[in-house]
Amino acid sequence: DLKKREVARLIREQLPGRVGALLHDFGRIADDQGLKVFAVGGFVRDLLLGEPNLDLDIVVEGDGIAFAEAFSREQTCRVRSHEKFGTAVIVFPDGFKVDVASTRVEYYLEPAALPTVETASLKLDLYRRDFTINTLAIVLNSARFGELLDYFGGLRDLREKAIRVLHNLSFVEDPTRVFRAVRFEQRLGFTIGKQTEHLIRSAVRMGFLDRIGGPRLLNEIIHILEEPRPYPAIARLEELELIKFVHPALDIAGDTDEILERAMRALNWYELLYTGQPCHGWMVYFLCLIRDLDEDAVNGICERLAIPARHRPLFTEQRRLAQGVLQRLQAFARRKLKRPQNSEIHRWLLPLDTEVLLYLMARLENEEARSWISLFVTRLRDQKTLLSGDDLKSLGVPPGPRYREILDELLQAQLDGKVATREQELEFVARKYLKNGKPSRSRG
Ligand code: ATP
């Protein structure tokens, strides 16, 4: 079995030096306080798998908040604590965070009553977790530093590459775990264990998934769609008959695989551009998944998932605009000979959010049509006229709402390469909007 020394070596070799040092500091401070402290969960799982993960979760046997505060008296950091849950977050000056939980949970029976304190052991705390591979703990106290605690067969399941629940009621207790099972399975390249799959299928059959509240269901969907490669997880959800729980009309027919793969390439491409403009990857994939649904069904999905009001326009107005633009682009792509003018591309795409633009790239099979969108994102979107309203005024154009129109027209001319310099812009305006066709500084 994995020896203390081997785990200590993984900590030394796989983690940045300061994280390793931090683990030792936690152990030392817990020693001083007479507490036991452990690293747990996904962090331990990924350390043993050799996967990078710096989301450090610490469990203290005893009062985790007092522990975090003792730590902060010694090191430069802030502590945010949540008394109600017995948890704290240690935040370092550079933003690095560590989550601290207590095995001591306080239940306030009535507002006025004194808290009844229940001390649960580490083992009980780990028993509440989702899968065996997430129940491994590493002792951080100095004398036992690196000792691996494996109460529920997590190490065996890591070796067998199996996702297994701890007990038969796991999915009844928390049905969101079915989505987590699929996410971990696909991300890690593991397989859901036979009995666990059987339990998922029963939970589906018995309708337990309907009990998941909208925000939690959305949260799981977002997590899946933000994995580096969501398609295989989506296919697995379909296979387990989980997709239809999101909405009965949702299914992943025919070319969903190709579309999601193109969405992934579009997102990777966009990320490499470093535009500084954020883009919600999950929304791009989500637009792909709902592409063939009618508006009633989409509204139904938005309701079921409790999609926040600020995101709704993307799935309503923006989606509607996108379908129109998609048809135009496809029509152009089919004609082959004539590509749209830059000014046309600009006019069609300007009202669309980045998520919708990437969605369109995913929908277009034609490579040239996709290149029109990438041209828009990289060059056309930010193009501006060289002249401003002040310049129009000095030219002698009478001020008024026409300024907007003139500058728009000028921008179109610039997009289509008809004007490039300031002189050419001045000339363009004079020719079209001044009687004698000459710039004049005396008028207006
Ligand atoms: P990720 O890399 O996706 O963050 P993670 O394993 O760190 O994976 P989190 O969602 O951050 O997962 O959760 C942290 C830990 O909390 C997990 O290791 C898991 O054991 C536990 N956990 C999270 N959600 C549940 C749940 N629904 N039921 C039981 N345990 C859960």
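A salt bridge is a side-chain nitrogen of Lys or Arg within 4 Å of a carboxyl oxygen of Asp or Glu. The model is predicted, with local features needing pLDDT of at least 70, side-chain atom pairs counting only at pLDDT 80 or more, and totals for chains, interfaces and linings using all residues. Residues are numbered from 1 along each chain as its sequence is written, and side-chain values use heavy atoms, with hydrogens and water left out.

**View 1. Salt bridge between Asp157 and Arg156.** The side chains of Asp157 and Arg156 meet with an N to O distance of 3.0 Å. Accessibility classes are set by relative accessible area: buried is under 20%, exposed is over 50%, and partly exposed lies in between (1.4 Å probe, protein chains only). Asp157 counts as buried because its relative accessibility is 0%. Arg156, at 44% relative accessibility, counts as partly exposed.

View 2. Arg312 is partly exposed, because its relative accessibility is 24%, whereas Glu303 has a relative accessible area of 54% and is exposed.

**View 3. A network of salt bridges.** Glu185, Glu197, Arg201, Arg236 and Glu239 are linked through salt bridges into a network. Over the whole structure, the search finds 33 salt bridges.

**View 4. The open sheet of 7 strands.** Helices (H or I, at least four residues) and strands (E, at least two) are DSSP runs, numbered from the N terminus; two strands pair if DSSP finds at least two bridges between them. The strand order is β3-β4-β5-β2-β1-β8-β9, and the pairing is mixed. β3 (78–82) and β9 (148–149) stand at the edges with a single partner strand each, so one side of each has no neighbour in the sheet. In a regular strand the side chains alternate between the two faces of the sheet.

**View 5. Strand pairs within the sheet.** β1 (residues 36–40) and β2 (residues 56–61) run antiparallel and are joined by 4 bridges; here Val37 stands opposite Val60 in β2. β2 also pairs with β5 (residues 97–102), in the parallel sense and over 5 bridges. In that pair, Leu56 stands opposite Val98 in β5. β3 and β4 (residues 87–91) run antiparallel with 5 bridges between them, and Val79 stands opposite Ile90 in β4.

**View 6. The largest cavity and its lining.** On a 1 Å grid over the protein atoms alone, a cavity is a set of points where a 1.4 Å probe fits but cannot get out, and lining residues have an atom within 4 Å of a point. Grid points are joined across faces, edges and corners, and a volume is the space filled by probe spheres set on the points. The structure holds 1 cavity of 30 Å³ or more, and the largest cavity has a volume of about 60 Å³. Two or more lining residues come from each of α10 (214–225), α11 (231–239), α12 (243–246) and α14 (281–289). α10 gives the largest share, 3 residues. Lining residues include Phe179, Ile221, Leu237, Val246 and Phe286. By class, the lining has 11 nonpolar, no polar and no charged residues, where Ala, Val, Leu, Ile, Met, Phe, Trp, Tyr, Cys and Pro count as nonpolar, Asp, Glu, Lys and Arg as charged, and the others, Gly among them, as polar.

Notes. 1 Å grid on protein atoms, 1.4 Å probe; cavity = no way out; pocket = protein on both sides within 12 Å on 5 of 7 lines; lining within 4 Å.
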